[in-house]
Amino acid sequence: MRLGILGAGAEGSGLAALLAGEDGIEEIALADVDEGRLALAESRLRAIASPTGLEASVLDAADAERVGRWAAELDAVLNATMPHLNLSAMAGCLAGGAHYMDLNGGPFEVPGVIPRSDTIDAQFELDGALGLDRA
C-alpha cells in the first residue's frame, strides 16, 4: 500500500514513524505546507532506516486540486492537518481516488467555537454532494 500522510507535525510524523515498519506499507508519502517542518520530519524518518520508501512533498492542504493530483498516486491518505483543512483535503483525496481519513473534526457545530465547516457533518455533506456511496 502507498500511504499518504498530509501534515508532518507531531501527529503526522509520529504516525509515519509508527506505520513505516508495518507489513503491507510499501511507501509513505509525507506532505506539509511548511518546508522546514517537512525537512525535519523527513530527516528523522530516514534516520529510522525503515525498509519502507519515503517520499516528501511540499503541499498546501487548502489546495484541493493539488491534493487531488498528489493523492491520485496513493491508495489511502491520513489527514493530520488542522480541522479547517478537512474539507479541501477530503475533496482532493476523493477526486484523486484515494481512501481518506482525518484525525480531527468537530462532532457538531458550536457557534463561536467550532464552525460547521470543521464538523463531520460537513464532510458527510461533501461526500453526498460528490455522489459517493459510503457503504
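Me: What makes β4, helix α4 and β5 a right-handed β-α-β unit?

Reply: In this predicted model, strand β4 (residues 76-79) and β5 run parallel and are joined by four bridges, and helix α4 (residues 86-96) belongs to the unit with them. A crossover is right-handed if, with the strands pointing away from the viewer, the path from the first strand over the helix to the second runs clockwise; the unit is therefore called right-handed. Residues are numbered from 1 along each chain as its sequence is written, and local features need pLDDT of at least 70.

Me: How do you know that β4 and β5 pair?

Reply: Two strands pair if DSSP finds at least two bridges between them. In one of them, Asn79 has Asp102 of β5 as its bridge partner.

Me: Why is β5 called an edge strand?

Reply: The open sheet has five strands in the order β3-β2-β1-β4-β5, with parallel pairing. Strands β3 (53-58) and β5 each pair on one side only, and they are the edge strands.

Me: Why is helix α3 (residues 64-71) called oblique to α4?

Reply: Their axes, lines fitted to C-alpha atoms over the stretch in contact, come within 7 Å and cross at roughly 40°. Angles under 35 degrees count as roughly parallel, over 145 as roughly antiparallel, 65 to 115 as roughly perpendicular and the rest as oblique; α3 is therefore oblique to α4.

Me: Which residues of α3 and α4 meet?

Reply: Contact means heavy atoms within 4.5 Å. Ala64, Val67, Gly68 and Ala71 in α3 meet α4 residues including Ser88, Ala89 and Gly96.

Key: Predicted model: local features only at pLDDT ≥ 70, side-chain atom pairs only at ≥ 80, totals over all residues. Heavy atoms only, no water. Helix = DSSP H or I, 4+ residues; strand = E, 2+ residues; numbered from the N terminus. Axes fitted to C-alpha atoms, helices over the stretch in contact; angles between N-to-C directions.
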